[in-house]
Amino acid sequence: MDLFWLGLKTAVQPYYLLMAFIGAFLGVAFGAIPGINAIIGVALLIPLTISLDPIAAFILLGAVYTGGAVGGAFPAILFKIPGAPEAAATTFDGYPLAQKGQAGKAIGMALFASTTGGMFGVLVLSFLSPQLAKIALSFSAQEYFAFALVGLTIIVAIGESMLKAIISGLLGLLLATVGIDKLTTAERFTFGFKPIFGGFEFVSIIIGVFAVGEVLEKVQSQEPGTLTTKEKVSTKLPSLKEVLECKWTLLRSYIIGTIIGILPGVGATTASFFGYSEAVRFSKHPEKFGTGVLEGVAACESADNAAVGGALVPLLTLGIPGSATTAVMVGGLLIHGIIPGPLLFAEQTKFVYTFFSGMFIAQITMLICGIIGVRFFVKILNWPYSVLGPVILVLCVIGGFAMRNNYFDMWMVLVFGIIGYYMNRYEYPFAPLIIGLVLGDLVETSFRRTLILQDYRFLPIFTRPLSGAILIFAILALFYPLFRKYYVKKIIERRKKD
Amino acid sequence: MNEKDKGEFIIPMIVIALSILLYANTYTFKFTTYQKANPQMWPRGILVLLILTSLILIGKMLFSKTGGHTNEEKRKPKIRWHSLLGGVLVLLLYIFLMKYLGYIIATLLFTCCAMLLLGNRNKSQLFVGPILVTAFIFFVFTYAMYVPLPKGIWIFRAFSLMFQ
């Protein structure tokens with residue numbers, strides 16, 4: 001607790017507060033624009049954080065992540081177009097509320113639920129992570145291999161085609177092998193080309209596949225991509241009576257969101273759908289859901305943002321990203337020389353606790369940005385893509401260059417942009433590629449170390465109690481997405497029928 | 001085969017071809033220690049899995065009625081090659097010319113071309129947009145982030161240095 005207060009003292013310094021504000025503002029803006037989400041936002045901002053100190057950089061990225069989760073609710077409520085996948089469930093009751101002329105109230109409830117959900121998630125992150133990290137310090141190569149496998153099981157949960165997701169993940173694992181092998185110093189797939197001796201620049205790949213690929217898709221499809229509303233929107237926060245009416249729904253969604261966020265492979269989108277479906281199940285008036293009730297908005301938005309804090313738990317304690325955005329955030333940590341994992345809590349205590357406090361403050365800044373900036377965010381939706389697209393491309397190319405002041409990285413942005421375009425076109429999800437790239441080194445090194453330590457026998461990985469238990473969890477995590485897909489499909493079908 | 005989207009087959013086929021080539025390349029890895037857990041083992045395992053998964057995907061697409069798509073309605077419209085190639089070409093020229101023209105001139109030209117490519121015909125936006133974008137990113141990277149941007153060569157370098 002003392003460390004949390006110490007972190008809070010640092011995080012309330014004007015410089016870090018400013019970063020939390022900028023991050024929350026940009027995050028909400030990125031989330032509000034359909035086609036640009038928190039992942040692209042974090043990817044674009046990583047190069048801009050080079051000159052910042054690590055704490056400021058990660059508060060900024062964390063605030064973008066958290067802001068992006070709520071920004072998606074704006075177009076979902078106003079236009080029935082979720083700005084981000086996790087805001088899809090918000091359309092169920094948010095849009096009907098807007099049609100009744102209560103858009104401001106729906107946005108107010110979305111902001112309140114997101115802020116309080118986010119705070120709950122961050123509190124759980126702050127108190128659970130150090131305990132998990134202590135346990136993780138006793139892990140050997142076997143446990144790390146097992147945990148990395150758990151992380152890789154996320155891959156099957158992403159996208160519509162499991163086979164395409166697996167191919168994408170395997171390509172990520174393959175890309176991670178390029179460069180000099182850590183254990184034997186052998187050159188692998190370098191073809192004598194020096195710029196890739198140290199492996200591919202992680203951020204260039206992220207920027208390329210996520211952002212350039214998306215813009216190229218817009219260039220070729222010539223989509224106008226603008227939305228307009230004549231209604232003047234101003235946020236109306238819920239009254240105490242309205243909050244008390246939703247108290248159990250909110251509390252339930254906080255818990256659901258946080259737990260789902262911690263689980264690998266099941267992120268904010270599942271959390272919001274799950275939160276919504278449970279709100280319907282426990283409601284005394286389930287028939288009212290879908291017609292425009294504040295409880296519906298509260299249920300999904302609170303679960304959605306609570307999942308953000310939860311998803312950071314496996315990243316910070318084990319170095320294993322729990323979602324696509326946290327996989328991208330690894331890039332932000334690595335450029336500052338910070339390696340996520342249990343040692344982070346022992347070696348970078350100040351960083352960790354200031355980040356926790358910063359994330360807590362980011363929830364408040366997000367609320368302020370949402371209240372004050374709602375008219376601005378609605379205006380952003382009117383910006384033509386023909387202006388936004390070139391800005392994104394210039395940021396991508398210059399961002400790639402800025403990482404190492406290297407022209408080669410700009411070419412990498414282009415190459416991976418084209419790859420990203422084709423992946424997007426043929427529905428190969430990007431997230432498995434990035435997760436494979438992030439976890440590739442850890443899973444390979446720990447696997448080979450285990451083999452060397454165990455005299456080239458596979459069995460001890462399964463018979464060692466902890467690694468065996470984690471591997472069983474990995475198998476469960478592998479099959480859970482199949483169950484989840486079925487479950488979400490059922491909810492959507494039920495909603496359509498209603 | 002004609003009824004199905006041929007493009008769907010391209011990616012797994014490229015993946016298979018590349019995987020075979022890279023598998024052959026693993027024989028060139030030079031190392032002296034670790035007989036079994038050698039540097040070839042892991043990439044080879046991934047390459048074999050890639051080939052197998054791609055083959056299963058091709059097989060699934062060949063024998064499915066929708067050509068691999070989960071939903072017929074989700075089939076995307078045909079690629080507008082001229083727009084796509086235009087976009088890639090402009091980006092390629094931007095990166096190539098930046099080394100010679102420097103960030104400022106290359107970005108002004110690129111932003112204008114990219115806006116045109118994205119269908120913007122508003123003259124005032126085409127004039128003001130590139131200047132604002134170039135200036136904003138220049139000041140953010142050079143003065144806020146202290147990241148030196150490409151300055152170009154010869155007179156273009158002299159031009160870039162005027163703004164430093």
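Within what distance do the axes of helix α2 and helix α4 of chain A come, and at roughly what angle do they cross?

Author: The model is predicted, so local features need pLDDT of at least 70 and side-chain atom pairs pLDDT 80 or more, while totals for chains, interfaces and linings use all residues. Residues count from 1 along each chain as its sequence is written, with chains lettered from A and ligands numbered from 1 in the order written.

Now the pair. Helix α2 of chain A covers residues 14-32, and helix α4 of chain A covers residues 54-71. Their axes come within 6 Å. They cross at roughly 35°. Axes are fitted to C-alpha atoms over the stretch in contact, and angles run from 0 to 180 degrees between N-to-C directions.)

The crossing of α2(A) and α4(A) is right-handed. (The near helix is then turned clockwise from the far one by less than a right angle; anticlockwise is left-handed.) The contact of α2(A) with α4(A) has 22 nonpolar residues, 8 polar ones and no charged ones. (Nonpolar means Ala, Val, Leu, Ile, Met, Phe, Trp, Tyr, Cys and Pro; charged means Asp, Glu, Lys and Arg; the others, Gly among them, are polar.)

The axes of α10(A) and α15(A), residues 324-334, come within 9 Å. They cross at roughly 145°. Here α10(A) passes α15(A) in a left-handed crossing. From α10(A) come A:Phe202, A:Val203 and A:Ile206. They meet A:Val328, A:Gly331 and A:Leu334 in α15(A). (Contact means C-beta atoms, placed from the backbone, within 7 Å.) By class, this contact has 5 nonpolar residues, 1 polar and no charged.

Next, the partner chain. The contact between the chains takes 51 residues from chain A and 58 from chain B. On the side of chain A that touches chain B, the elements giving two or more residues are α9 (162-176), α10 (202-221), α18 (385-404), α19 (407-425) and α20 (430-453). The largest share, 12 residues, comes from α18(A). That side of chain A has 35 nonpolar, 9 polar and 7 charged residues.

Chain B itself has 5 helices and 0 strands. From the N terminus on, its elements run α-α-α-α-α. Among contacts in chain B with a separation of 6 or more, 57% join residues 24 or more positions apart.

Note on methods
Contact = placed C-beta atoms within 7 Å. Helix = DSSP H or I, 4+ residues; strand = E, 2+ residues; numbered from the N terminus.
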